[in-house]
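Grab a pencil and have a look at the chain below. Try each exercise yourself before you read the worked solution.

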Amino acid sequence: MSVDNSQLRFDLIFHWGDDVVKGFEENDPSFTEVKLIKVKGTEAAQAIAKALRKNCHVTDLSLRGNRLNDGGVKAFAYALRENSTLAVLNLSDCGVGNMGITAMAECLRQEVCTLKRLDLTCNRIGPEGF
């Protein structure tokens, strides 16, 4: 039996830690669709976002349910101005407020932004964020 590896899809699910940042920084080609769990706070989100800036393999990143808050989401908004491959970003239930959504909206207006799908459901975005 022969298997066409180009058709295989792997979801890498990681607990937050130095190995995750290292994989992003080293541009590990196995990191294409990544789900991160137990990422808490702005500092952790900033470390991931910084590593994502130069990564050219991750196309789908889910941070769903992590407590990133506005500071963490702002870090991702800035990172996306340099990243050229991320197409899907799930920030559902990440504690995003008006400041975070404003930063993401500014990012989406940039021509260099490659996002095709952004999930911001179940956050605390008020009328000022629309």
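**Exercise 1.** Find what the buried residues of α3 pack against.

*Solution.* Keep in mind that this is a predicted model. Start with the helix itself: α3 covers residues 69-79, and its buried residues are Asp70, Gly72, Val73, Ala75, Phe76, Ala77 and Ala79. Next, look for their partners. These buried residues pack against helix α2 (42-52), strand β3 (60-62) and helix α4 (98-108).

**Exercise 2.** Work out how α2 and α3 are oriented: roughly parallel or roughly antiparallel?

*Solution.* Two packed helices are described by the angle and the distance between their axes. Here the axes of α2 and α3 come within 8 Å, and they cross at roughly 5°. Angles under 35 degrees count as roughly parallel. The two helices, α2 and α3, are therefore roughly parallel to each other.

**Exercise 3.** List the residues that meet where α2 touches α3, then sort them by type.

*Solution.* Take α2 to begin with: Thr42, Ala45, Gln46, Ile48, Ala49 and Leu52 make the contact. Across from them, α3 brings in Gly71, Gly72, Ala75, Phe76 and Ala79. Now sort the residues of this contact: seven are nonpolar, four are polar and none is charged.

**Exercise 4.** Zoom in on Ala49: is it buried or exposed?

*Solution.* Ala49 sits in helix α2. Its relative accessibility is 1%, so Ala49 counts as buried. Then check its neighbours: leaving out residues up to four places away in sequence, Ala49 touches Ala75, Phe76 and Ala79.

Conventions: Residues are numbered from 1 along each chain as its sequence is written. This is a predicted model: local features need pLDDT of at least 70, side-chain atom pairs count only at pLDDT 80 or more; totals for chains, interfaces and linings use all residues. Side-chain values use heavy atoms; hydrogens and water are left out. Buried means under 20% relative accessible area, exposed over 50%, partly exposed in between (1.4 Å probe, protein chains only). Helices (H or I, at least four residues) and strands (E, at least two) are DSSP runs, numbered from the N terminus. Contact means heavy atoms within 4.5 Å. Axes are lines fitted to C-alpha atoms, for helices over the stretch in contact, and angles run from 0 to 180 degrees between N-to-C directions. Angles under 35 degrees count as roughly parallel, over 145 as roughly antiparallel, 65 to 115 as roughly perpendicular and the rest as oblique. Ala, Val, Leu, Ile, Met, Phe, Trp, Tyr, Cys and Pro count as nonpolar, Asp, Glu, Lys and Arg as charged, and the others, Gly among them, as polar.
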